[in-house]
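Hi,

Here is the structure I promised to pass on.

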Amino acid sequence: MADRSPATRRSLTVVLFAVFAFLYIPIATLVALSFNEGGLPTAWTGFSVKWYGALMANRDILSAALNTLIVAMISTAIAVVLGTLLALGIETRRRKGRALEALVFAPMIIPDIVLAIALLSFFSLLKVPMGLHTIILSHVVFNLAFVSAVVRARLKSFDWSVTEASADLGASALTTFRRVTLPLILPAVIAGALLAFTLSVDEFIIAFFTAGAGRASTTLPMQIFAMIRFGVTPEINALATLVMIVSVTALTLSQRLNKGVIAP
Amino acid sequence: MRGHLAPHRFPEKTRRVQSPNTRSTLLMAPALMWLTALMVVPCGLILALGFFRRGLYGGIEYTFTLENFALIVDPLYAGIFLTSARIAGLATLIAVVIGYAAAYAIAAAPRHRQPLLLFLAVLPFWSNYLIRTYAWIVLLNREGLITQGLRMLGYEGEPPSMLYTEGAVITGLVYNYLPFVILACYAPLARLNPELAEASRDLGASAFTTFRRVILPMTVPGIAAGAVFVFVLSIGNFITPALLGGGRFQMMGNLIYAQFLTANDWPFGAAISMVLIAIMMGLLTIQAIAAEKGAGERREGTDG
Amino acid sequence: MPQSPAPLRIAATLAAGLVAAGPAAAELVISNWDGYMAPDAVANFATESGEAAEMVVHATNEEIMGKLIASGGQGYDVVFVSSPFAEVLNNLDLLEPIDAAKVPNLANLYAEAAALPHDPGNTFSVPYAWGTTGLCYRSDLVSPEPASWHDLLHPAEAQAGKVTLLGTDRWLLAAGFLAKGYSVNETDQAKLDEVEAELIEAKKTMLAFDDTTFYSKLVSGEATLVHAWDGWCNYGIAENPDIKFMIPSEGSDLWVDTMVVMKASENKDGAFKFINYILDAKNHAWAAENILYKVPNKPAMESLSADMAATYPNMGMAPADLVALEQLRDVGDASRAYAKAVSAIKAAQ
């Protein structure tokens with residue numbers, strides 16, 4: 001937007017500073033506290049990484065972290081395949097009906113609690129025993145929608161003439177896909193995968209409702225919820241810091257690979 | 001060349017074997033089947049559940065009834081819906097005001113800095129919701145960081161009770177959804193043609209008039225879509241009221257949660273979920289109609 | 001318990017996921033409230049009995065009930081629930097009858113604990129811990145000392161905004177019933193309405209509903225007077241001797257937390273073995289020392305050191321005094337009215 005007076009500029013800078021302070025101070029507080037020897041927000045008693053050590057010794061947390069990785073990796077892998085195919089299918093379609101668009105859009109906007117109880121009722125009425133596998137099945141629902149959205153954005157600017165050229169040169173459909181289409185959309189596919197992975201790692205509500213009994217299907221967010229409910233323990237700060245590092249890394253990578261995934 | 005003119009047409013060779021739409025259907029089939037089995041059918045199931053009766057000890061009695069939907073207009077539950085609508089509405093309003101200001105400031109920043117600023121604004125949205133909420137417990141509780149800070153500054157009175165208040169719940173909701181609003185507001189602002197604002201100023205309009213008469217109307221549809229999502233996510237939330245509200249506040253989300261995990265009244269919980277979906281669809285429809293109307297007016301106003 | 005290496009577990013989970021068969025059922029799954037058992041109890045049991053066992057946690061009765069009803073009890077072997085909920089599970093036919101022959105240590109229970117109104121003769125539930133509900137407070141910050149339920153519901157100016165109430169249906173309403181002099185199992189709608197109004201009023205002077213962290217709020221000073229289960233107040237006393245527990249003059253409820261065996265369990269013998277292990281005098285005493293709750297086990301209680309009762313006076317309460325209080329029972333269809341009243345209380349502004 002066009003030039004502004006210095007006064008306007010200054011006030012806009014102040015607004016930005018204030019908003020960023022609001023967004024980052026709570027997070028920064030947790031990170032800082034995770035290195036506080038005493039562990040309490042009441043006083044700074046010295047720098048220490050002992051809470052990270054305590055995390056590593058906590059079997060429940062380690063097992064929950066492992067479960068989270070299993071859920072995130074498998075659901076992302078399935079979602080990447082299904083979501084990419086879906087994106088290709090939609091973008092090569094001559095007419096996209098409203099119903100199709102709505103169906104593909106729905107998993108991203110339906111409130112988590114509704115999808116969660118719908119899946120709980122569904123599994124429970126079909127007497128499907130619940131566990132990590134039901135969390136995985138459920139996470140694929142929203143993950144595939146996000147992957148397909150990212151890949152579709154890329155396909156919108158895709159020059160289909162290259163696939164025609166490939167076909168004209170005698171390549172089979174599969175070869176064309178493997179040698180021409182896939183390399184061109186690969187950054188978007190990976191970006192979508194990283195996004196899905198992050199979503200899955202952080203997802204709590206659906207996992208909470210579709211998990212089975214016991215530690216075998218407790219994911220990290222479920223573990224964090226239990227810890228928060230039972231009071232403020234310094235270990236949470238260290239855990240929060242680690243979880244945020246994972247999310248931020250995956251998202252930064254995703255953003256680098258494909259500008260405009262998280263923010264246009 | 002052919003490809004440029006008809007971007008969606010498929011290579012000749014393939015077309016001979018199968019029509020593009022058949023192929024497109026095949027490509028979409030696995031994902032659509034997944035969504036049907038694990039989203040459409042379950043959602044249909046809870047819609048159906050809403051018309052059954054709760055068994056004495058939970059469970060479901062398969063007799064048709066409308067009593068769950070009748071319960072929704074029961075003064076108690078209608079009251080809960082209104083209260084949660086108020087809290088969600090306030091949170092949405094505050095988030096939109098702050099988010100719009102932030103998006104405006106980002107859009108006004110030098111072009112090469114905008115992507116980074118936007119990325120930083122949106123980043124917190126993708127980190128763990130529970131952790132972001134927990135951070136506010138640490139800050140707001142009576143013996144928490146803000147109180148400690150005040151004490152360090154020499155404050156000696158009774159620490160104010162900040163956690164477990166409506167303010168805490170609203171703060172938590174605003175905090176969690178603000179990045180989303182910034183994103184929703186930024187898109188239309190960034191697309192805005194700077195010449196329009198300039199023309200308005202050249203014609204003698206003050207900065208405020210320009211904002212009110214030119215910029216705001218053109219960016220409203222994007223914001224409205226963002227606002228609908230924040231409102232629906234807030235009203236359906238159960239974590240923030242539980243953690244920051246100390247159980248003192250009931251949102252629709254808490255009510256659904258309670259029906260499924262504590263009261264064991266699944267049919268009623270299913271009925272409330274349907275109301276939540278209906279609210280969302282209703283608001284989105286209104287937003288879409290308004291946006292279409294707005295776009296029509298704009299075309300008339302600017303294209304001529 | 002030996003942990004299989006991570007890659008194996010991943011592979012196993014994958015396989016389980018693919019056939020949608022859930023986790024292998026060989027391991028005994030015991031669900032209990034967090035911190036409601038000696039931390040080493042399950043491991044010790046596993047070593048002693050050779051049964052692989054895993055402890056999982058639930059935050060409230062309602063939460064585990066939701067899960068059990070949703071899954072038909074699948075995946076759980078032994079569950080710890082309060083007696084009214086054990087009654088519900090039994091009515092739903094989800095519980096395996098207790099096979100007394102397989103639990104010889106039932107003989108250790110106090111006579112009172114074998115004749116509880118909800119399940120005389122321990123046919124479907126075995127008492128694990130029992131006690132009462134009352135006021136837990138900072139004696140250095142609350143004066144005069146609280147005497148009545150009204151001191152919780154309508155605290156003095158100095159305590160306003162510093163009291164917490166238990167938030168789960170039965171105990172929240174019990175505070176109101178007791179304050180009014182009604183039965184804790186009252187089903188009369190008019191009385192329920194009266195209590196609802198009373199508790200809505202009480203919300204004005206309350207900090208939060210809290211079932212899990214009230215004692216740490218007392219220790220930190222965030223709260224000064226809380227509605228608490230006797231044993232959990234002891235956690236506060238352990239950290240700050242100024243914290244005290246008292247039973248209000250109007251009386252209180254008797255609650256009994258029980259162990260039940262799920263009918264869906266695939267290892268019922270293992271489940272009974274576990275219950276028998278807990279009822280062993282030495283183990284049950286070790287549980288009491290760890291969780292600071294009274295256990296209904298005569299030799300176990302008698303083996304506790306005299307210091308316990310000195311530090312935690314409520315540990316010394318005699319079984320006869322305890323069973324003189326009215327036990328919380330399943331209220332059947334009225335539980336819907338209870339849930340609605342609690343919704344109304346929580347929603348009131």
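B:Tyr164 is buried, as 27 other C-beta atoms lie within 10 Å. The cut-offs: buried takes 20 or more other C-beta atoms within 10 Å of a residue's own, exposed takes 12 or fewer, partly exposed is in between, and C-beta atoms are placed from the backbone. B:Tyr164 also has a positive phi of about 65 degrees, although it is not a glycine. You'll find B:Tyr164 in the loop between helix H8 (145-152) and helix H9 (166-191) of chain B. Helices (H or I, at least four residues) and strands (E, at least two) are DSSP runs, numbered from the N terminus.

Bear in mind that this is a predicted model: local features need pLDDT of at least 70, side-chain atom pairs count only at pLDDT 80 or more, and totals for chains, interfaces and linings use all residues. Residues are numbered from 1 along each chain as its sequence is written, with chains lettered from A and ligands numbered from 1 in the order in which they are written.

Chain A has a positive phi in a non-glycine too: A:Lys127, near 55 degrees. A:Lys127 counts as exposed, with 9 C-beta neighbours inside 10 Å, and sits in the loop between helix H5 (112-125) and helix H6 (132-156) of chain A.

Next, where chains A and B meet. The contact takes 83 residues from chain B and 73 residues from chain A, where two residues are in contact if their C-beta atoms, placed from the backbone, lie within 7 Å. On the chain B side, helix H3 (residues 20-49) gives the largest share, 18 residues. That side of chain B has 62 nonpolar, 15 polar and 6 charged residues. For the classes, Ala, Val, Leu, Ile, Met, Phe, Trp, Tyr, Cys and Pro count as nonpolar, Asp, Glu, Lys and Arg as charged, and the others, Gly among them, as polar.

On to chain C, which has 15 helices and 10 strands. Of its 349 residues, 54% count as buried. The domain assignment, which is automatic or from a database, gives domain 1 (6-129 + 255-318) and domain 2 (131-254 + 327-347) of chain C. The C-alpha centres of these two domains lie 26 Å apart. Their contact takes 21 residues from domain 1 and 19 residues from domain 2. On the domain 1 side, the elements that give two or more residues are helix H3 (61-71), helix H4 (83-91) and strand S9 (253-261) of chain C, and H4(C) has the largest share with 4 residues.

Strand S7 (residues 225-229) of chain C is worth a click. 5 of its 5 residues are buried, so S7(C) is largely enclosed by the rest of the structure. C:Leu225, C:His227 and C:Trp229 point one way, while C:Val226 and C:Ala228 point the other way. S7(C) pairs with S4(C) in the antiparallel sense over 5 bridges; strands count as paired if DSSP finds at least two bridges between them. In that pairing, C:Leu225 is the bridge partner of C:Tyr137. S7(C) also pairs with strand S5 (residues 163-165) of chain C, in the parallel sense over 2 bridges, and there C:Thr164 stands opposite C:Val226.

C:Pro144 lies in the loop between strand S4 (126-138) and helix H5 (149-153) of chain C.

Cheers
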